[in-house]
Every structure is written in structure tokens, then in C-alpha cells.
Amino acid sequence: MSAKPMSPLRWIVAVAVLILIVAVLINERNQSPSAPPAATTDAETPAVSVPDVDPELDPIPPLTTLQSIDRDKAPARRVLDLQHWTTAEGARVYFMQASELPMLDLQLLFAAGASRDGELPGLATLVNGMLNEGAAGLDSGEIAAGFENLGAQFENSSHRDMALVSVRSLTAADKLDPALDLFAQVVSQPDFPEDAYQRLRNQLLAGLQFRLQSPAAQASEAFWSGLYGNHPYASLPEGQPESLAEITPEHLRDFHEQYYSAGNAVISLVGDVDRQQAERIAARLSSALPEGPAAPVVTDPEPIQSERKHVDFDSQQTHIMLGQLGVSRSAEDYPALYVGNQILGSGFGSRLMEEIRETRGLSYSVSSNFSPMQATGPFVINMQTRTDQVEQALEVINTTLDGFIEEGPTEAELIRSKRQIMGEFPLSTASNSAIVSQLGMIGFYNLPLNHLQLFLDQVEKLTVEDVRSAFQRHLSKEQRLIVTVGQPLPEPEMEADLEQSAEDAPAKPTIDAATEAPDA
């Protein structure tokens, strides 16, 4: 079938439409002569100069790079306006106003840790754990619901030196006042209910059974016991089955009355309250606590002689703890020891990690640490390794430690460690909870109010000789304790006998030959 030809009229209409379209395009082009220059201008305009930017806002600062940071300049420090006073009842108060957020962090520290247990190990832990199990007629459920309904957070814990109780609350009056009321009741009026006491004691007994299955826990217990002997730090804070069986609710009440007193308390506050409000809060808490003096400072332990202990334990790995008495929190040499330990055994890049893990592959990790306490705290090196590598690992640890004590760090190591500490410091004062912990530490250990500033200044001034001499003053190989927990090891004495026998061996053939000669 052939196509039907288009009529002349349709041809005329089609040509007219085509002419119209061409005319419109030509007209639009003539009416926009500036379009090409505008495109050129856009291409030359920096991307940040977008028209949506609000001219009222501050300009965005120019971007910098890590390479542009001045590594020789210490990082900026947050200004801490710390204040201190003592309540009428004798509680020491440390305060810093922080108005950035409408909240308050409050911490109470008591010299009521396990070092006050006396003949009943586990007593301090039980007292602290029972505080929120019932108080002023409220049971544990009502106390928990009370804090939760107010949006407040309650925490408590007990350690060898101290017992800690804290609360975080919004500062709106309808939240803060009832939260502080409830907090004061929990701390000052514990009921020590019998059913909760039995439950908590059973939990501690179950925990002790669990510790028997942990070589790390066994090593820690043996180390503290061996290092401190009859000193209060020697006993396990969780107690022992025998001591837990003897503790009664009456013991808990007596301990609370003696150690959770106003004169034995350090109150730390950081948050959106002014000095007058802080004074009222501190006075309110202090007056609610039992009256009583500060507990005496824990006496220093006696030095020990070098000793090696082994605990048989059916495990694939052997746990090693090597250490000795270190320093107290108030020791003048603590900054030098802290910096030196960063180089010796704190994380990747440290000497111990390099020798134990990177060079010899004896363990996944190894670390060293000073734990400054009210009395002399421990210095300890921790690691795990295969049983057949224990002697090699101990030799490497001793050689590395002795070399560091003898020679100290290198200048490059010291500079790198200082930069790391200065860079990490802002994190320790980045939040209210971090600052309140620092304030509690300052108050509990009777450190100067500008302790944080002093510590950093001392770190900045340290020299290689300062670190070396500090390690030589405080660490001696004659007072070193080694604890291993794992598969049975050859007794050191037996090894010595074998070595002595080996030394005697060359003389025997002569004697034997002389003896055998007549027989021959």
C-alpha cells in the first residue's frame, strides 16, 4: 500500500511552525547577552562563597593540617577555677563551676576502703555495696526508681584506699533538690536489711569461687599478699569465706558509723551551680552524715627481700607478675616515675613491648604500671606466656628493667613521652565527671589545689637524668617479687643444684679414674 502525499495546506503549516521555532530561538539568544560572562564568573568563584551562607555568621576558620601543628609547643590547657573549703562538720569540699550544661556531678570519697577491714576482710566492700540496698525505710527498688524518675545516676564502689559514692543530676530545682535528698538518705541512713545482706554476701562468696578458676585473679592475690605481708593492703577486698561468714549487720553499722562520717569525707562538685549553691549543698550533705574525725593515714609497708613464688594452675598460659613497692601518691618523684613508666612499659612502642612482643614474640602484650596510693603502692609488670617460655620471658623483663634503671630513657624517648602526656591531658579535663574525679583525688590525697598544673609543669621540666635517678632511688632488684601462676615449673633451687652439679662434673672423672684405676 503506497503512502498518501501530504496536502499543500499541511506543507504550508509545517513550514510556518518551523520558521516560528527558529525565530523564537534567535530572539532568546539576543535577549541574554551576559550569559557567557556569568558562566566564567561562577567558575572563578571559590566554592565556599555560596550565596546560601548567612553573612551574620562568623566566618569558618581556614582549615589546618596535622603537619601544620607546632610540635614544640605544648597543647593549650583548659583553665580550671578550682575552689576549696571545709564544712562546719569537717568535710573537705572541692568545687568547680561549669555552666556549659545544666547538670551537677557530685562525688563523696571516704577513707573507708579495704585497708580499714581489720580482722574482717570484705567488710568495707559489703558496707559500700549495701548503701543502696535500703535506706531511710526505702527498699532497693524504691531507691532505684527514685533516681530513675528524676533522671539522676547513682554509683558506688569500694577499693583498697577509699569508698566512693556519686550522683549526677540535672540542676533544675525540681530535679536537683529531691535527687540530693535521696542521695543524702542513701549515704547517711543505710538500713542494711538482712535479706539484701545475705544476698550480697552470697554474691561475694560466688565471686570468690569464680576467682579460683581465674589464673589472673590468683596471680594478683598472690602478688599483693607476697608484697605486703601483714600490711592492710595485703588482704583481698572481696574478703575470704571465713571472714565473710563472721561479718554481721552489726559490723556493717559500726563500720559505717566510724568511716562514713563528715570528718572522713571529701566532697567534690562540678557543674552548673555557683559558689553559694555549692556551699549550701556541701553543708546539707555534711550535716546529714555521722559526726566523726578523719581516719588515720595508712602506714607504709615494710620492704621485702627478693622472692619468687609459683602457684600451680592448669592453664595453657602462665601469668607473670614481677614488681616491688613503688611510691605513694604524694611522692615528689612521681612525675619522673610516671613519665619513665610511659617509656618502659605503657602500651605499644614501649621498651617492654618491643622486647617481649615485637622482637621475640613471647606474648601478645606486656605492661608496667605504678599504682600510687595513700601508703606506698606497688610497681608491677604483667604478662602471660607459654609455660616453656617463662624463664626466657623473665630474663628479658629483668634485663630490660635493669637496663632502664641503669641508663634511663633516651632524649628522643623522653621528648616523645612528654608530647604524648601533654596531648592526653586535655581529655582528663574534658568532661565534668572527669574533673570531679580529679578533684576527689586531690582532696583524698591532700594534694595542692593546683596539683594538675604543677604536675604538667614538672613533666615539662624533666630531664633524662631526672627520670634515671628517680628509678634508681625507688626500684631495686634486691626487693623484687616474682609471681607465676600456671603449669608446674622446675624449682629454682633444683636448677641451681643442677648447675652446681654441672660445674662439679669435670672433677668427677679424675676422682672416678683414680678410684677405678686400682680396680682396673
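How many bridges join strand 11 to strand 12, and in which direction do the two run?

1. Basis. This is a predicted model, in which local features need pLDDT of at least 70, side-chain atom pairs count only at pLDDT 80 or more, and totals for chains, interfaces and linings use all residues. Residues are numbered from 1 along each chain as its sequence is written, and side-chain values use heavy atoms, with hydrogens and water left out.

2. Strands. Strand 11 (residues 366–370) runs antiparallel to strand 12 and is joined to strand 12 by five bridges; strands (E, at least two residues) and helices (H or I, at least four) are DSSP runs numbered from the N terminus, and strands pair if DSSP finds at least two bridges between them. Phenylalanine 370 has phenylalanine 379 of strand 12 as its bridge partner. Strand 12 (residues 378–386) is also antiparallel to strand 10 (residues 317–325), with nine bridges; here methionine 383 of strand 12 lies opposite isoleucine 320.

3. Helix 16. In helix 16 (residues 451–461), His451, Leu452, Phe455, Leu456 and Val459 are buried, that is, under 20% relative accessible area (1.4 Å probe, protein chains only). Because they cover an arc of only 130 degrees around the axis, they lie on the same side of helix 16; the arc is taken from the directions from the helix axis to the C-beta atoms. Their cover includes helix 11 (334–345), helix 14 (411–428) and helix 15 (432–444).

4. Helices 5 and 10. The axes of helix 5 (residues 173–188) and helix 10 (residues 275–288) come within 9 Å and cross at roughly 25 degrees; axes are lines fitted to C-alpha atoms over the stretch in contact, with angles from 0 to 180 degrees between N-to-C directions. Helix 5 is therefore roughly parallel to helix 10 (angles under 35 degrees). Contact (heavy atoms within 4.5 Å) involves residues including Leu176 and Phe183 of helix 5 and Ile281 and Leu285 of helix 10.

How values were computed
Buried < 20%, exposed > 50% of the residue type's maximum accessible area, 1.4 Å probe, protein only. Parallel < 35°, antiparallel > 145°, perpendicular 65-115°, else oblique.
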